[in-house]
Amino acid sequence: MISHPYLPVDVDGPRSPFVVLEGVSGIGKSTLAATLAKRLQATELHTLPMPHSGWSSTVNRRLRPLPQFAFYLSGVLHAADSIRQSRMIGTVVADRYISSVIACHAAVHDLQTEAVTELVEPFRPYLEVPTHTFYLRCSESVLRERMAGKPDTKQDDTDLFAVPGRLARLLANFEAVGAADSTAVVVDTDAKTPDDLAEWVIAHLEGKGA
């Protein structure tokens, strides 16, 4: 039970859909998020939002695992506030959310996803629950091609292939987190363009049996 003043802002009225895209770096989340936001006239949000996104590289270099986790969790809590407000206006599309915090932190520090999930649980009541969380998957060869064309490559992206076992751990972690996620929808992205995927996602949201 969260005590005042730590309760989220009470928002009255119906809430529009909240769509999350999850998966490893380079798989195409950002491109798909932008395509969906345009098609759905939605608010697009990246987790981590500002100001956290400007600090992540320093945090990854200098903080030990627990304060590093707390930083990323605070970013998602901050994002949840923005999502709550934006859902009053229209659909929200988020590039990453709490599943990425769990899967990535566990992979980097060689932890079980259950251990990280346990740290998250006390804060679940504060988080907005997605309408759907689309877990994007692709083959390693396609991922390497997409990563090569990524314009904003960061250290985490380089480590995906450079650190032994990192990619395998991340893939396993996202699978484990997705299996425990009641909002999860798995999407295979090989041989699909962002427009193809946007059509598939929109059809799913509209209940057309995609």
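Let's start at Arg-96, which sits in the loop between strand E3 (92-95) and helix H4 (98-108). Helices here are DSSP runs of H or I with at least four residues, strands are runs of E with at least two, and both are numbered from the N terminus. Keep in mind that this is a predicted model, where local features need pLDDT of at least 70 and side-chain atom pairs count only at pLDDT 80 or more, while totals for chains, interfaces and linings use all residues. Residues are numbered from 1 along each chain as its sequence is written, and side-chain values use heavy atoms, with hydrogens and water left out.

Back to Arg-96: its phi is positive, about 80°, although it is not a glycine. Is Arg-96 buried or exposed? It's buried, with a relative accessible area of 12%. Buried means under 20% of that area, exposed means over 50%, and partly exposed is in between, using a 1.4 Å probe and protein chains only.

Now look at Ala-191, in the loop between strand E5 (184-188) and helix H9 (194-205). Ala-191 has a positive phi too, near 60°, but this residue is exposed, at 81% relative accessible area.

One more loop, between strand E2 (43-46) and helix H2 (56-62), holds Pro-51. A cis peptide bond joins Met-50 to Pro-51, with omega about 5°.

On to helix H7, residues 155-162. Which of its residues are buried? Those are Asp-157, Asp-159 and Leu-160. Looking down the axis of H7, they fall within an arc of 160°, so they line one face of the helix; the arc is taken from the directions from the helix axis to the C-beta atoms. Turned away from that side are the exposed Gln-155 and Ala-162.

What covers the buried residues of H7 includes helix H6 (140-148) and helix H8 (166-179). In H6, Glu-140, Leu-143, Arg-144 and Met-147 meet Asp-157, Leu-160 and Phe-161 of H7, contact meaning heavy atoms within 4.5 Å.

Last stop, the largest nonpolar core: 53 residues, of which Leu-36, Tyr-97, Ile-98 and Phe-134 touch the most other members. Helix H3 (residues 65-86) gives the largest share, nine residues. A core like this is a set of buried Ala, Val, Leu, Ile, Met, Phe, Trp, Tyr and Cys residues joined through side-chain atoms within 4.5 Å. Leaving aside neighbours within four places in sequence, Leu-36 is in contact with Leu-21, Gln-41, Val-93, Ala-198, Val-201 and Ile-202.
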